[in-house]
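Jotting things down as I go.

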Amino acid sequence: MGKHSDQNAALCPLIEPNNHDSHAVSTASFVLILTTLVSVSGSYVFGTAIGYSSPSQSGIMTDLALTVAEYSVFGSILTIGAIVGAVVSGKLADYIGRRGTMGFAEIFCLLGWLLIAFSKTAWWLDLGRMLVGFGMGVISYVVPIFIAEITPKELRGAFTTVHQLMICFGVSLTWLIGVFVNWRTLALIGAIPCLIQLVGLPFTPESPRWLAKNDQGLACEAALQRLRGQKDISAELFEIQEYTELLKQFSEPSVLDLFRRQYARSLIAGVGLMALQQFGGVNGIGFYVKSLFTLAGFSGNIGSIALAAVQIPMTALGVVLMDVSGRRPLLMISAAGTCLGCLCVALSFLFKDLQLWQSGSPMLALFGVLAFSGSFSLGMGAIPWVIMSEIFPINMKGLAGSLVTLVSWVGSWIVSYSFNFLLNWSSTGIFFIFSTVCGFTVLFVAKFVPETKGRTLEEIQAAMNPLSTKN
């Protein structure tokens, strides 16, 4: 692949489309669909954990006599566990495989949910939440990586976005179910998808690219054939094996290698998108949406139901559009919508503080939160994870993925822990800040984020990291 890689090295930053693939795989086999569904059971667990703290807040604080500060610890300690999970996720997925890593993560999630459900004291609650967070941190890296590695290029964007769709299902259904059941029952319900994934994983193939990287050529071919059904895999198998052999010429990468010049574009795009995704306020809103609606003068339960009704169809729309419109247009539209939504919420709180338009400001807050959530679900929720799974070469994917996931969860912890305090400090001010971050995201995407639609992973990585593929 040496000559082909040198040609790819000259591609422009936005990665020009290719025209050499005359045998595009455009349909999904049963095994590919089944494997994806088993994988995104972990994404559903991710969503239930994020959605859990909002409907359970009043019940837990009453039953276990927690203060606001103590409950803020419970809400945010999820992200502490996720930070630890993010640190080990890349290396873990490289050493024991993508499937093994997902199963390992689900054991922690299952134990965590059981501890929460049967907790008698605050430290049981916090320990369970941290264990779920650890599993989430691992899942948030390995699921999109695994799906990107098993899907053909024509379907990769849509299939990888199912990760975010299932997160939205998890969040939304947890909000809805939480209106009708107590917090202990809600935790037990959260454990069900953990069991589904643990049971389903033995029936799914491993990532062909991971198998190729680990010198399991026959297993790689067998796994790829299972995933593609009756399709001819010779060209795709050759490209995977050739690119993997090329990367084996390089020594085992270290953390410092991530910051070499050839990976700068990938690192800026991956880390920047994750940081902007989190500091746009999504987890502050998601963790405490019920209390946010109440503070704005709107029914918390009705607002949560309305939010759930918006998130799922907007994420589904993003799945449909991902491989049609491309990543960049969806990202910019999504970021602009989140900017508008946060601006509306900020204005609602400003009118309330100034005692202006008191009859309409709660509805403006509702519109703002729904606009933010719908827009985020359309693109900003899923696409940063899609981009992360595409732009790093497989020899750097473990380290780079861990770093990018770590940045995401550190940002999530900062926002989720400080959100209640900042809301009390200035509800108007914090949403003006979120709106500014979302507006800046549009400019960042336009400048630094590549369009990866219609490219194989090997083509994307050779173009984004040209010096790493030169002989």
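Entry one, a reminder to myself: I'm working with a predicted model here.

Entry two, H2 and H4. I looked up the axes of H2 (residues 30-52) and H4 (residues 68-117), and they come within 10 Å and cross at roughly 160°. Anything over 145 degrees counts as roughly antiparallel, so that is what I call H2 and H4. I also checked the hand of the H2 and H4 crossing, and got left-handed.

I did a length check on H7 (residues 183-200): at 1.5 Å a residue its 18 residues should span 26 Å, and the end C-alpha atoms are 27 Å apart, so the two agree. Which H7 residues are buried? My list reads Trp183, Leu186, Ala187, Gly190, Ala191, Pro193, Cys194, Gln197 and Gly200. I followed those buried H7 residues to their partners, and they pack against H2, H3 (57-63), H4, H5 (122-150) and H6 (153-178).

I found H11 (residues 264-279) packing with H18 (residues 397-448) at about 155°, axes 4 Å apart. That angle makes this pair roughly antiparallel. Counting the H11 and H18 contact by class, I get 20 nonpolar, eight polar and no charged residues.

Terms used. Residues are numbered from 1 along each chain as its sequence is written. This is a predicted model: local features need pLDDT of at least 70, side-chain atom pairs count only at pLDDT 80 or more; totals for chains, interfaces and linings use all residues. Side-chain values use heavy atoms; hydrogens and water are left out. Axes are lines fitted to C-alpha atoms, for helices over the stretch in contact, and angles run from 0 to 180 degrees between N-to-C directions. Angles under 35 degrees count as roughly parallel, over 145 as roughly antiparallel, 65 to 115 as roughly perpendicular and the rest as oblique. A crossing is left-handed if the near helix is turned anticlockwise from the far one by less than a right angle, and right-handed if clockwise. The expected span of a helix is 1.5 Å times one less than its number of residues. Buried means under 20% relative accessible area, exposed over 50%, partly exposed in between (1.4 Å probe, protein chains only). Contact means heavy atoms within 4.5 Å. Ala, Val, Leu, Ile, Met, Phe, Trp, Tyr, Cys and Pro count as nonpolar, Asp, Glu, Lys and Arg as charged, and the others, Gly among them, as polar.
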